[in-house]
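Dear colleague,

Please find the structure below. My notes on what I found in it follow.

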Amino acid sequence: MKIAILGHTKGLGAELVKLLEPKHQIVGFARSNGYDIDQPGTIQRIVNEVADCDVFINSAKNPGGWPQVDMFSELLLAWEGKKKRIINIGSHVTVYNFTTIKPRFPTISAGHYTAWKQALKTASYHAWQNSDWPMVTLVQPGPFQGNVFHPMSDRDPPGVQRTVMTAEEVAKAIVSNTIDSNVHILELTLRAIPYESKGVK
């Protein structure tokens, strides 16, 4: 398969390249190679250049922003009715509306990041309701190491050890449940297995 990855040079995108490159042809788009989706015209350029791809992984840059939603919307229109797949990388902040220290999820708020990811989620839901192709999968990972915009050490209160995944673990879960699967999973939320509490066996 020919797989395009938006945000392929760092973090999760880089781990996806490592996993997929041995078996698939990878096309990468990032600011470092001239594809900044914040800049006018870039999204349309990418849409044109991925016309012959089978899969598009919409990872975009973190913390995200409206361009990630715009990227998905434009590609969805261009690929309408075509037997292709779009994998949107959202966030677990659109799923959990509580806080806990096992693990400690962020509180849902009106912050920009949550709004951006909620918009991507809503757009994915709209796609499911209105067409079968392209297939759309929404992946919502929780915190993972290697995400430079979400350091663990300065966000957790004293005495709290948050459970996190590695970027490699997230990438493996995405590939095994989408690219390597014959089942269409619409929505995939990932989180680390909580650490055992003291005194609990």
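In which helix is leucine 76 found? Leucine 76 belongs to helix α3. Please keep in mind that this is a predicted model. Leucine 76 has a relative accessibility of 16%, and because buried means under 20%, leucine 76 counts as buried. Leaving aside residues up to four places away in sequence, leucine 76 touches Ile86, Ala127, Pro134 and Val136.

On the overall make-up: the protein has five helices and eight strands. Read from the N terminus, the order of elements is β-α-β-α-β-α-β-α-β-β-β-α-β. The protein has 201 residues, and 49% of them count as buried. Its accessible surface is about 10600 Å², with 52% of that belonging to carbon and sulfur atoms. Among contacts with a separation of 6 or more, 68% come from residues 24 or more positions apart.

Next, the packing of α3 against α2. Two packed helices are described by the angle between their axes and the distance between the axes. For helix α2 (residues 42-49) and helix α3 (residues 66-78), the angle is about 40° and the axes are 10 Å apart. That angle makes α2 oblique to α3. The crossing of α2 past α3 is right-handed. On the α2 side, the contact is made by Ile43, Gln44, Ile46 and Val47, and on the α3 side by Pro67, Asp70, Met71, Glu74, Leu75 and Ala78. Sorted by type, the residues of this contact are seven nonpolar, one polar and two charged.

Serine 124 is another residue to look at, and it sits in helix α4 (residues 112-130). Is serine 124 buried or exposed? Serine 124 is buried, because its relative accessible area is 0%. Not counting residues up to four places away in sequence, serine 124 touches Phe72, Asn88, Val136 and Leu138.

Last, helix α5 (residues 167-177). Which residues of α5 are buried? They are Ala167, Val170, Ala171, Ala173, Ile174 and Val175. The elements that cover these buried residues include the helix α1 (11-20) and the strands β4 (85-89), β5 (135-141), β6 (144-145), β7 (165-166) and β8 (187-190).

Regards

Terms used. Residues numbered from 1 in each chain as written. Predicted model: local features only at pLDDT ≥ 70, side-chain atom pairs only at ≥ 80, totals over all residues. Heavy atoms only, no water. Axes fitted to C-alpha atoms, helices over the stretch in contact; angles between N-to-C directions. Helix = DSSP H or I, 4+ residues; strand = E, 2+ residues; numbered from the N terminus. Parallel < 35°, antiparallel > 145°, perpendicular 65-115°, else oblique. Left-handed = near helix turned anticlockwise from the far one by under 90°. Contact = heavy atoms within 4.5 Å. Nonpolar A, V, L, I, M, F, W, Y, C, P; charged D, E, K, R; others polar. Buried < 20%, exposed > 50% of the residue type's maximum accessible area, 1.4 Å probe, protein only. Areas by Shrake-Rupley, 256 points an atom, 1.4 Å probe, with all protein chains shown as cover.
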